Amino acid sequence: MNTICPKECKRRINNNANIEVIDIRETFEYEFSNIGCKNIPMQTLLDNVNDLNNDKTYVLMCKTGQRAEALANLLKCEKGLSNILVMIDGITGWQQKNDPSLILE
């Protein structure tokens with residue numbers, strides 16, 4: 001499983017890299033607090049994995065990174081996807097490294 005730190009992820013987003021962050025938390029978690037990326041809950045993403053573009057790098061993000069790690073491993077092993085990164089420490093890491101004003105609890 002490949003990872004990306006929140007600072008590097010933000011840098012790539014700002015540089016218009018071919019990268020898309022997907023928040024895989026449940027909708028109610030996303031609605032409470034998010035960083036403005038696409039929300040596709042974990043099971044929904046699994047059900048629609050064929051919609052992912054092989055030419056794009058996807059960064060999976062959850063609260064702490066654990067769900068994203070599990071999903072990334074599944075997508076790599078079961079679906080053969082290699083263009084998946086996991087944001088280290090999830091939205092919690094984003095808050096700590098990029099946006100301390102983000103309210104998580």
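**Exercise 1. Cysteines**

How far is the sulfur of C62 from the closest cysteine sulfur, and in which residue is that sulfur?

*Solution.* The structure is a predicted model, in which local features need pLDDT of at least 70 and side-chain atom pairs count only at pLDDT 80 or more, while totals for chains, interfaces and linings use all residues. Residues are numbered from 1 along each chain as its sequence is written, and side-chain values use heavy atoms, with hydrogens and water left out.

Step 1. Take the cut-off: a disulfide is a pair of cysteine sulfur atoms within 2.5 Å.

Step 2. The closest cysteine sulfur to that of C62 is in C37, 11 Å away, which is too far for a bond.

Step 3. Repeat for C9: its sulfur is 8.4 Å from the closest one, also in C37, and this is too far for a bond.

Step 4. The count by this rule is zero disulfides.

Step 5. Check exposure. Buried means under 20% relative accessible area, exposed over 50%, and partly exposed in between (1.4 Å probe, protein chains only). C9 has a relative accessible area of 0% and is buried; C62, at 1%, is buried too.

**Exercise 2. The nonpolar cores**

*Solution.* Step 1. Define the set: a nonpolar core consists of buried Ala, Val, Leu, Ile, Met, Phe, Trp, Tyr and Cys residues joined through side-chain atoms within 4.5 Å. Elements are DSSP runs, numbered from the N terminus: helices (H or I, at least four residues) and strands (E, at least two).

Step 1. The largest core has 16 residues, and I22, I24, L45, L52, L60, L75 and I84 have the most contacts inside it.

Step 2. The largest share, four residues, is that of α4.

Step 3. Look at one member, I24. Contact means heavy atoms within 4.5 Å. Leaving aside neighbours within four places in sequence, the contacts of I24 include I40, P41, M42, L45, L60 and C62.

Step 4. Another core lies apart from this one; it has 13 residues, among them I4, C9, L85 and L104.

**Exercise 3. Two helices**

State whether α1 and α5 are roughly parallel or roughly perpendicular.

*Solution.* Step 1. Axes are lines fitted to C-alpha atoms, for helices over the stretch in contact, and angles run from 0 to 180 degrees between N-to-C directions.

Step 1. The axes of α1 (residues 6-14) and α5 (residues 90-97) come within 9 Å and cross at roughly 80°.

Step 2. Angles under 35 degrees count as roughly parallel, over 145 as roughly antiparallel, 65 to 115 as roughly perpendicular and the rest as oblique. The two helices are therefore roughly perpendicular to each other.

Step 3. On the α1 side the contact is made by P6, K7, C9, K10 and I13, and on the α5 side by G93, W94 and K97.

Step 4. Of α5's eight residues, six are buried: G90, I91, T92, G93, W94 and Q95. What covers them includes α1, β4 and β5.

**Exercise 4. Positive phi**

Where do N16 and D89 lie, and are they exposed or partly exposed?

*Solution.* Step 1. N16 is in the loop between α1 and β2 (19-23). Its phi is near 55°, a positive value in a residue other than glycine. With a relative accessible area of 70%, N16 is exposed.

Step 1. D89 is in the loop between β5 and α5, with a phi near 65°. At 41% relative accessible area, D89 is partly exposed.
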